[in-house]
Amino acid sequence: MRDHLSGAATADLPAFVLIRGSSCTGKTRTAFEAVHSCLPDWQLVFPKSPAKLLALLDADALAPRTVLWIDEAQNVFTGTDGEQAAAALRSRLEQPGPIVALGTLWPEYHRALTGSPPPGAVADERAHARALLHQAALVDVPPSFDPQALRALRAHVHDPLGIAARAGMDGRITQVLAAGPQLLDHYQQAVPPHGPYGHAVITAAMDARRLGHSSPLLPAALLEAAAVGYLTDEQRAAADGDTWFSAALEYAREKVMGVAAALEPVADPEGVGALPGVYRLNDYLDNHARTAGRRLAFPPDSFWTAVRDQVTGTTDLRTFAEHARRHFRFRIAAGLYQVPADRGDPYALRPLALLRERAGEAAEAMRLWQRLVEAGDPDAHIAEREGYPALTHLAFLSELAGDKEAAERFAERSSDYVALRELAWERERSGETEAAERLAQQAADAGAVAVVQALARSREESGDAAGVERLYRRVAAFGTARALRELDGLFRRSGDVRGAERLWQQAVDAGNSGGMVEVARQRERAGDLDAAGLLIRRAAALGNGIALAELAEDQEAAGNTEAAALLWQHAADAGCDRAWENLALLHWRAGDEDASERSWQQAVQGSTERGVEELVRRRAGAGDADGAARMWRRAFPGRPVGRGMNPERPWEEAPEPEETEAARHVELLRRQAADRDSIGALHERALRLEKARDLGGAERIWQQAADRGNTYALAGLARLREWAGDRDGAERLAWQALSSGDPTAVNTLARLRERAGDRTGLRRLCRTADDIDSPMLIVELARIHEAAGDADGAVRLWERAGRAGDSTALVELARRREGAGDAEGAERLAWLAAAAGNVSMLGELARLREQSGDRASAERLWWWAADTGLRTALNEMVELHERAGDEAAADRLYRHGLDADPSTTTPWLWRVPAHWRRPGVL
C-alpha cells in the first residue's frame, strides 16, 4: 500500500489504488494510515455519492497532489449514475497527475462490479466500472491476522490489541475492536418489550441489503412495512399500532458499548444533522447476513410487498425479482418485474413474459413479447435455460392459438431457427407438405439443415420418393450457399456422395448463384478452370457479390483498372463486405484520392468500432498512412492515445525501447533467481529430490522453504525424519506443522503412532488436538479413527467438526443420524450443511424419505432445497407429485411456483390445456 502511494508521490502520473476487504477488517484505517504516512501534505477530497463525484470531475476540481477518497466504492460506482462517475474518473486518470484515487471495497462487491455480464444481458450496465476497477492497483486486507501476528499481539497483556487477540474470532481482531460480536448478540438476543420488534426491523434491513437494495440508505417506510411479517401473531397482537415502530427503531439505534448501532442515522450531505426517514445498516451485521446468519433465509410476504411498493430503483426491483424467481417464487417475481415493466424498462419485459407464459396467460405473454420486439431488441442472446428470442416465443404462442399465418410470420423474422424447425415439423405432421418444405428450407438457410434431412428421411420411409426429390430441389433452388454446404456435409458424412453432387447440380440448374460459386470452386480445385470461370461469370451476371468480387480481382490482376472498378462497385452494391475497401485502394493506387476517400467512408458505414480500427490498419498497411490517420481522427475524435500505443500512429503499439544484450542477460538471471527462490519452486524441487531418494538434498530445500514461512515444508521435513528412523524428530516437526496451520500433518502423526502400535498414543493425539481449532484437522482425525475401527471416537470428532461449521462433517453426521432413525436431527444437520455451502444432503434426505413412504417430509426437504436456490428443487417437487399420481398438484406447482411461506402458491393466472407443460416448446 505504502509502495503504491510513495510511487505516486514521486511520479507525474495519476494512480488508482483499491483496498479490498470484508466488513470491519480495517480497510479505511489502513488507507488513512498510509495516506498520513506517505502523502502528509496532499489535499484530500471525499465525494459521498456518484453525483458529488461527477460534479467534482466535471468542474475539473482535482488539483495536482490531491487524494480522491472513495470510501465504500460500491456506493459510488453502482447504477446509472455510478457508471457515469466511473467513466468520468477513467477519463481523469488518463490525464496528467500527480493525483491518487483511493477506494475501499468489499470482495463480493468487487466480484459483482468486475464480473462479465450474465448470459442474456441485453446491455453491459457496468462496462466503465469494470474497466476502472481492473486498472486499479489492488491491495487486499485479510479478514484475520495470521498465527505469527496473533502470537505477537497476545504478548500485549493489557492493551486493546492483546485483549482482542485473546478474544479469538479466528484472528479477526479488527471486528472484535469494532464491537461486532456484541452488536450481533444485541440483535440475536433481543429481549422484550421492544427487542422483538427491533429484531424484526433489523432483519428486514439485513434482507433488503443482501437481496438487492444497492443503496446503503434504507427508507424507514420500507422497514416498517416489511418488518410486520417477521413478527409472530402474538407479537403483532400485543403491539401498539401507533408506537411499535418508533420503539423498534429506538432498539435498533441503540449503540452497543457506545460504539456501534444496528441501524445508524445518515448525515445530511448538504449540511448538519441526519437525513430524515433513512437509516444505514451496520457493516458487521450486513456481512453477517450475507455470509452466515440469513444467507439461506427467504423473507416473508410482507417484505416483498414492501419492496414492490417502496423501492423506486428499477435495477434494484429487477434484482429483487430475480432472487424471487431463482427461488421459485414466481408470483412474487412477476409482481416485482411488473413495476419496472410498467415504467418502460425493457430489461424487465423478458423475465416477466417468461413467467406469464409459464403460468399460462398467453395473451398477456404475447403483449409483453410484442413490447420487447418494439423496444428494438427482438433477437437478444438468451441464456439457454430461459428459452428463445422474443419473436420465437411469439411464433410458438401464435401457433398454439391457432394463428398459423402469424406464427410463420414471426418465425421468419426471428434470427433463431428453432421456430422454423418446429413449425416445419408441425406442418409435416398435419399433411401440409408445401408449407413444411418452405419452412424447412428457411430453417436450413438459418443454419438448421438437419431438419431438411430429417424430413427427407421421414418421407423416404413412407415411400414418398417424389416428396424427397421435391424437398431437395427446393433447397437447391432457394437455399443460401451456407445451407447448401451444410446439407452437402450431411450427405457426405452419411456416405451419399452422389446425393451431394446431385444437390449442387440442382442448385446450378435452378439458377442459384450461391450454388454456382461453390461449384465453380469445386471445378477450380479439380483443375477445370474453364468450367469454373464460366460458372463465376454466370453467378456474377445474376448479381452474386462474391462472384463479382472474384471477377474484379481477375481484372485488377490483368491491369484492367476501369473494368475492375466497375466490378467492385457492382459487388459492393450486391452486399459484398470487402468490396468498398478494395475499391478505395484501387482508386488510391490510381491517384484518385477523392474517389478513394468516398469509398473508405462507405466501408466505414455500419462497421463496429473494432471493424473501423481494422480498416484503418489495413489502409495504413497498404501504404496510405496519411489517409489512415485522417480516417482515425474522423472516426474517433478526441480519443486519447492508449497506454503503450504509438502517439503518431495511435492504431499501432509503440515500438519497444532498445535493450542491450547485457541488460537482457541481467534480467534473465534475475528472473531465474526469483523462480529458483520462490516458495513454490522450492516445494517442487524438494518433492523431486524426495522422489529421487536424495534425502539430504530434499531436507536442505525443505529447510529453506520452512525458513521462509512455508508451514507445509515442516510436514516434508517430518516425512524425511520418519524415513530416516528418527521418530521423535518426525513427531516434533509434525506437531510444529500442525500448530502452524497444516492439518495434513496429523496423518504423519497418526501413521507414526500406528506403526509403533501405540493405540494409547493415537488416542492421546486426539485429546491433544483439542488445543488446535481447525475443522480440517478434526475431519482428518475422524477419518483416521474410522479407519482404525473406533466408530465412537470418529463420531465425537465428526460432531466437533460439525460444531465448527465444516460442511463435510455435517453431511456425514446427517447420514449417521438418518441411519439411526433420528429424522429431526438429520434434517437439522442437513440444513446446517446447506448453510455452510453443501446443499447435497437435503436432496439425499428427501429421496430417502420418499423411498420410505414419507412424502410429506420429502416435500418439506425439497422446499428447504428451494430456499437454498438449488436449481433442480422445483422439478424434483413436481416429479414427487407426479410419482404420487397427483398430476393437478404437479401442474400447479410447475406453473405457479411456491409462496413465501411453506406452501404451493394458489393459481395467480388463468390456466391453459395440460399438454402445454413447457412454455415455448411445441
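The protein has an average pLDDT of 77, and 74% of the residues score at least 70; pLDDT is the predictor's confidence in each residue, from 0 to 100. Over residues 381-385 the pLDDT is below 50, and this stretch has 10 contacts in the model beyond near neighbours in sequence, contact meaning heavy atoms within 4.5 Å. The pLDDT also stays under 50 over residues 671-677, for which the model has six contacts beyond four places in sequence. Where pLDDT is low, the predicted coordinates should not be read in detail. The model is predicted, and local features accordingly need pLDDT of at least 70, side-chain atom pairs count only at pLDDT 80 or more, and totals for chains, interfaces and linings use all residues. Residues are numbered from 1 along each chain as its sequence is written, and side-chain values use heavy atoms, with hydrogens and water left out.

An open sheet is formed by three strands in the order E6-E8-E7, with antiparallel pairing. Strand E6 (217-219) and strand E7 (263-267) are the edge strands, each pairing on one side only. On average, neighbouring strands of this sheet are turned by 55° against each other, direction ignored; axes are lines fitted to C-alpha atoms, for helices over the stretch in contact, and angles run from 0 to 180 degrees between N-to-C directions. Strands (E, at least two residues) and helices (H or I, at least four) are DSSP runs numbered from the N terminus, and two strands pair if DSSP finds at least two bridges between them. E7 is joined by four bridges to the antiparallel strand E8 (residues 274-281), where Tyr-279 is the bridge partner of Pro-265.

The largest nonpolar core holds 122 residues, of which Val-201, Leu-263, Phe-303, Trp-304 and Trp-369 touch the most other members. Such a core is a set of buried Ala, Val, Leu, Ile, Met, Phe, Trp, Tyr and Cys residues joined through side-chain atoms within 4.5 Å. Helix H11 (residues 195-211) gives the most to this core, contributing nine residues. Not counting residues up to four places away in sequence, Trp-304 touches Leu-211, Phe-298, Pro-299, Phe-320, His-323, Ala-324, Ile-332 and Leu-336. A second, separate core of 38 residues includes Leu-535, Ala-539, Ala-552 and Val-612.

Glu-581 lies in helix H33 (residues 579-589). This residue is buried, with a relative accessible area of 10%; buried means under 20% relative accessible area, exposed over 50%, and partly exposed in between (1.4 Å probe, protein chains only). Leaving aside neighbours within four places in sequence, Glu-581 is in contact with Trp-600, Ala-603, Leu-615 and Arg-618. The C-alpha atoms of Glu-581 and Ser-599 are separated by 6.8 Å, the two residues being 18 residues apart along the chain.
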